[in-house]
Amino acid sequence: MITIIGPTASGKTKLAIKIAENLNGEIISGDSRQIYRRMNIGTGKDLNEYKDTPYHLIDIEEPGEEYNLFRYQRDFHKAFNNVTKRDKHPILCGGTGMYISAILEGYELDNVPFDIDFRKTLEAKTETELVKLLKTFGPLHNKSDISSMKRLIRAIEIATFSKANTLEKNNYPPVKSLIYGIDIPRDVLKKRITSRLTERLENGMIEEVEGLLSEGLTHDQLKFYGLEYKFVTQFLSNELNRNDMFQKLNSAIHQYAKRQMTWFRRMEKKGHTITWIDYILSDSEKSRLITQELNR
């Protein structure tokens, strides 16, 4: 398998499509939000770019439906087996670090549902209080559980559910893969993120969120998806004016890109070999380098 990673707005999808064209391949998405239908602009699906390139794990669930890492791992292996049985080349592409690692490292996972009401009670607590609460369930085995408020809350949710329920488990082997990352300077990435956000707001992202609300999704459900959906929902509910929405969302996406790179660097420390390719090369040049390495 080939895996393409990089921060948001770095050009992962275009590169994956070019590789798929050259290798008779199919793309398996590694994005936690692109699985949802009609969440197109905010998640950056850019489906028009795929043209005739087959893709998997995009538009497979309705907005509001529960989806988690456990289900992603299961769905990935179904797609992976589908692709390889037809002698196509699987290309995993995405920026959700935990989804990528779950596949490459073969995480052993328990099926724990999201509980929005329980999360609300946890969100009212400080980070120190959450760490203390998590420690009541036993020693911390995974330091990434306390690397952010989001992961802290999820870890407590899992621990609480596990204590009271018999769990369904996944146990898939690690998938061997060549891993390529797009190396892009931080200042260039910041400009790309801001430019792309401006374009998306001008081309229907607010209307997309309005449409989801009109379908019956609640503000809390949309805020759960974070980033674009959280801040646009706050704008539509008059919690933020448009300028504040843009500034806060822009800053949040920059921070997200930074966290993505932190995750990828952590992957390298854990032993993954990532070949970083200069962003300034054309997609054809990047693809040619990867194809040459495959043929060695």
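Which element gives the largest share of the lining of the second largest pocket? That turns out to be H11, with seven residues. Before the details, a word on the ground rules. The model is a predicted one, so to speak of local features requires pLDDT of at least 70, side-chain atom pairs count only at pLDDT 80 or more, and totals for chains, interfaces and linings use all residues. Residues are numbered from 1 along each chain as its sequence is written, and side-chain values rest on heavy atoms, with hydrogens and water left out.

Back to the pocket. Its volume comes to about 310 Å³. Among the 15 lining residues, Arg 186, Leu 189, Ala 257, Lys 258 and Met 261 sit closest to the centre. Strand E7 (178-183), H7 and helix H11 (242-269) each put in at least two residues of this lining; helices here are DSSP runs of H or I with at least four residues, strands are E runs of at least two, and both are numbered from the N terminus. By class, the lining splits into seven nonpolar, three polar and five charged residues. In this scheme Ala, Val, Leu, Ile, Met, Phe, Trp, Tyr, Cys and Pro are nonpolar, Asp, Glu, Lys and Arg are charged, and the others, Gly among them, are polar.

Rolling a probe the size of a water molecule over the atoms shows where empty space is left. The search runs on a 1 Å grid over the protein atoms alone: a cavity is a set of points where a 1.4 Å probe fits but cannot get out, a pocket is an open set with protein on both sides within 12 Å along at least five of seven lines, and lining residues have an atom within 4 Å of a point. Grid points are joined across faces, edges and corners, and a volume is the space filled by probe spheres set on the points. The structure has one cavity of 30 Å³ or more, and the largest cavity has a volume of about 40 Å³. Its lining is made up of Ile 193, Arg 196, Leu 197, Arg 200, Glu 228 and Ile 253, with helix H7 (residues 186-202) giving the most, four residues. Three of the lining residues are nonpolar, none polar and three charged.

With a relative accessible area of 9%, Asn 250 is buried; buried means under 20%, exposed over 50% and partly exposed in between, with a 1.4 Å probe and protein chains only.

H11 also packs against helix H3 (residues 97-105), at an angle of about 20° and with the axes 10 Å apart. That makes H3 roughly parallel to H11. Axes are lines fitted to C-alpha atoms, for helices over the stretch in contact, with angles running from 0 to 180 degrees between N-to-C directions; under 35 degrees counts as roughly parallel, over 145 as roughly antiparallel, 65 to 115 as roughly perpendicular and the rest as oblique. On the H3 side, Gly 97, Met 98, Ile 100, Ser 101 and Leu 104 meet Trp 263, Phe 264 and Met 267 of H11. The contact has six nonpolar, two polar and no charged residues.

Ile 100 and Leu 104 also touch Thr 3, along with Leu 92, Ser 177, Leu 178, Ile 179 and Tyr 180, again not counting residues up to four places away in sequence. Thr 3 sits in strand E1 (residues 2-5) and, at 0% relative accessibility, counts as buried.

Helix H8 (residues 205-214) and helix H10 (residues 227-236) have axes that come within 10 Å and cross at roughly 80°. That makes H8 roughly perpendicular to H10. Their contact involves residues including Met 205, Ile 206 and Val 209 of H8, and Tyr 229, Val 232 and Phe 235 of H10. Nine of the contact residues are nonpolar, one polar and three charged.

Finally, the backbone. Most residues other than glycine have a negative phi. Asn 238, in the loop between H10 and H11, has a positive phi of about 65° and counts as exposed at 72% relative accessibility. Asp 87, in the loop between helix H2 (69-85) and strand E4 (89-93), has phi near 60° and counts as exposed at 68%.

Methods
Contact means heavy atoms within 4.5 Å.
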